[in-house]
Amino acid sequence: MRLHDDIHNFYEKIVVEEIIKRKLDKVYSEDVMADFCCTVLNQLPPRYIRYDVDMAFYLPQSERIHMEERVQTAIDVAISQISKKKDLYDQPT
């Protein structure tokens with residue numbers, strides 16, 4: 001078994017969906033997005049799964065909605081934190 005290939009955190013999928021929905025990947029550079037995703041995911045509890053289809057089948061709709069709300073809140077917090085560090089990101093490397 002290869003851990004990184006066989007299991008993943010389901011919240012990652014929801015985070016990516018919300019990032020695409022908000023078009024945040026068009027706003028921030030790849031470097032900022034990497035920090036941004038870490039900031040978002042560190043606010044959320046891990047929810048490890050092997051197959052996405054398992055979550056789609058067994059996850060109650062109310063829990064999925066709650067997870068999506070948590071992701072939205074975590075993204076809002078991360079946007080706020082990134083905007084406070086904007087000067088740091090804007091500096092040439």
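Predicted model: local features only at pLDDT ≥ 70, side-chain atom pairs only at ≥ 80, totals over all residues.
**View 1. K13 and E17 pair within helix α2.** A salt bridge, defined as a side-chain nitrogen of Lys or Arg within 4 Å of a carboxyl oxygen of Asp or Glu, joins K13 to E17, with their closest N and O atoms 3.1 Å apart. Both residues belong to helix α2 (residues 10-22), where they stand four residues apart, about one turn of the helix; helices (H or I, at least four residues) are DSSP runs, numbered from the N terminus. K13 is partly exposed at 33% relative accessibility, and E17 is partly exposed at 34%, where buried means under 20% relative accessible area, exposed over 50%, and partly exposed in between (1.4 Å probe, protein chains only).

**View 2. R64 and E68 pair within helix α6.** The closest N and O atoms of this salt bridge lie 2.7 Å apart, and the two residues, four apart in helix α6 (residues 61-84), are separated by about one turn of the helix. R64 is buried, with a relative accessible area of 17%, whereas E68 is partly exposed at 28%.

**View 3. K13, E17, R64 and E68 form a network of salt bridges.** The pair K13 and E17 and the pair E68 and R64 are both part of this linked group.

**View 4. D25 forms a salt bridge with K26.** Their closest N and O atoms are 3.8 Å apart; D25 is partly exposed at 37% relative accessibility, while K26 is exposed at 67%.

Residues are numbered from 1 along each chain as its sequence is written, and side-chain values use heavy atoms, leaving out hydrogens and water. Local features need pLDDT of at least 70 and side-chain atom pairs count only at pLDDT 80 or more, whereas totals for chains, interfaces and linings use all residues.
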